[in-house]
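Please keep the sequence and the three-dimensional view at hand while reading.

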Amino acid sequence: MIDRIYKLNNELDGSIFLFGARQTGKSTILRQQFPESIYIDLLDSQVKSRYERRPVLLYETLKDKAAGTIIIIDEIPEVPQLLNEVHRLISEKGLLFILCGSSARKLKRKGYNTLGGRAFPTFLFPFVSTELADFDIDRAVNHGMLPPHYLAQNPWRKLSAYIDVYLKEEIKEEALVRNLGAFQRFLEVAALTDGEMVNYNNIAQDCGVSAATVASYFDILEDTLVGYRLPAFTRVMKRRLVQAPRFYYFDVGIANHLLHRKDLVRGTTGYGHAFEHLVIQELYAFLHYRHSDEKLSFWRTYTGVEVDAVIGDARVAIEIKSVEEVLPRHVKGLLSFGDDYPESRRIIVSLDPFNRSVNGVEAIYVYDFFRMLWNGEIV
């Protein structure tokens, strides 16, 4: 049994929504960390049917429980009518709820009660390196970090089923799009832009829809936690900076499958893109789990000089290279960044196992970088 680093009991100052893409392990972590709780599984068709017919049944069943009792409702978007009863039980009886689901989009879109600040949103991500005693960078780059996929000997069929069932069906249904073919094409084109700057007009031409429609598609992927746009660093300095965001699917394995990247080996372009995605994925999860106020962004000038990740207001700048030997030419972007932001800490993360300074830039082996990150030695 793998112990997840995110301890939800630390979040229980009140009730919470726990959101996360499917198969991140939400149900597992809830059963592990709250074994004595009252657990209501709305994926059970009989349970779901009863509550759909009579949402007040929830109130009737729980109204006599002691204040502070923890109740988990798994997949609350399946019966969102229950949120009115949850609201009553929180307000009148002092019960604590953990409300689990893939995203809040369905609740917001249909105008259901989101409890008006009485339950705070939290998020679960795929595995992170520190959760895995035998973490293998090459396996992670190829398989991704979703629990069923990382642990599988051959995740390709699992990834295919995940994408067919989840991305191509549930997300399409959630999107309420008329042109399903265009949306499916969009999913593939979005993978082609994974880790790249988003150009809505170019993507619109590839998909045969308007730029505004493409922007709404990206909103859907973000709202359903399937992907996120990494903003450009925008602090005004002497250089003119790119403003367009970059896009990443929430797990590198998803991007690999949509791009037909398989059996990636070190030294190839595909491995390099997937390696960068994985490090960004780890940084993104870390900042969310630590509830950091410092945002993750990237830096790029109009002349093409760039840094893959910037944490906070130029506090830490990180270049990500899958090279096995860091050379001075690999840190040029960080040196340019340092010219504008000399107070910043500059790091290059790579497959080079010899940690050292390269022209004043810290070169850190990826395994050491992940360990230092979760030990609080980077941020």
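## Exposed and buried residues

A residue is called exposed when its relative accessible area is over 50%, and buried when that area is under 20%. The model discussed here is a predicted one. Alanine 133 has a relative accessible area of 90%, and it is therefore exposed. This residue is found in the loop that runs between strand β5 (119-123) and helix α6 (137-143). Although alanine 133 and isoleucine 2 are 131 residues apart in sequence, their C-alpha atoms are 8.9 Å apart in space.

Is threonine 24 buried or exposed? Its relative accessible area is 1%, so threonine 24 is buried. Threonine 24 also belongs to a loop, the one between β1 (15-19) and α1 (26-33). When neighbours within four places in sequence are left aside, threonine 24 is in contact with Arg4, Leu124, Phe125, Pro126, Leu146, Pro147 and Phe250.

## A buried strand residue

Isoleucine 98 is located in strand β4, which covers residues 96-101. Because its relative accessibility is 0%, isoleucine 98 counts as buried. Which residues does isoleucine 98 touch, not counting those up to four places away in sequence? They are Leu12, Ile16, Leu18, Leu30, Phe34, Ile70, Ile71, Ile72 and Ile73.

A separation of 144 residues along the chain lies between isoleucine 98 and valine 242, and the C-alpha atoms of these two residues are 40 Å apart.

## The chain as a whole

The chain contains 15 helices and 13 strands. Computed along the principal axes, its C-alpha atoms fill a box of roughly 70 × 45 × 45 Å. For 379 residues, a compact globule would have a radius of gyration near 21 Å; the chain has 22 Å, and the two values therefore agree.

Of the 379 residues, 53% count as buried. Among contacts in the chain with a separation of 6 or more, 69% are accounted for by residues 24 or more positions apart. The chain exposes about 16800 Å², and carbon and sulfur atoms supply 47% of this area.

## An enclosed cavity

A search of the whole structure finds one cavity of 30 Å³ or more. The largest cavity has a volume of about 30 Å³.

What lines the largest cavity? Its lining consists of Phe125, Pro126, Phe127, Val128, Met145, Gln281, Glu282 and Ala285. Sorted by class, the lining has six nonpolar residues, one polar residue and one charged residue. Phe125 and Pro126, which belong to this lining, are also among the contacts of threonine 24.

## The second largest pocket

The second largest pocket holds about 480 Å³ of space. Several elements give two or more residues to its lining: β7 (246-249), α13 (269-289), β9 (306-311), β10 (316-320) and α14 (332-340). Which element provides the largest share of this lining? It is α13, with six residues.

In total, 27 residues line the second largest pocket, and Glu276, Glu306, Asp308, Ile320 and Lys321 lie nearest its centre. The lining divides into twelve charged, ten polar and five nonpolar residues.

Notes. Residues numbered from 1 in each chain as written. Predicted model: local features only at pLDDT ≥ 70, side-chain atom pairs only at ≥ 80, totals over all residues. Heavy atoms only, no water. 1 Å grid on protein atoms, 1.4 Å probe; cavity = no way out; pocket = protein on both sides within 12 Å on 5 of 7 lines; lining within 4 Å. Points joined across faces, edges and corners; volume = space filled by probe spheres on them. Nonpolar A, V, L, I, M, F, W, Y, C, P; charged D, E, K, R; others polar. Helix = DSSP H or I, 4+ residues; strand = E, 2+ residues; numbered from the N terminus. Buried < 20%, exposed > 50% of the residue type's maximum accessible area, 1.4 Å probe, protein only. Contact = heavy atoms within 4.5 Å. Rg over C-alpha atoms; globule rule 2.2 N^0.38 Å. Areas by Shrake-Rupley, 256 points an atom, 1.4 Å probe, with all protein chains shown as cover.
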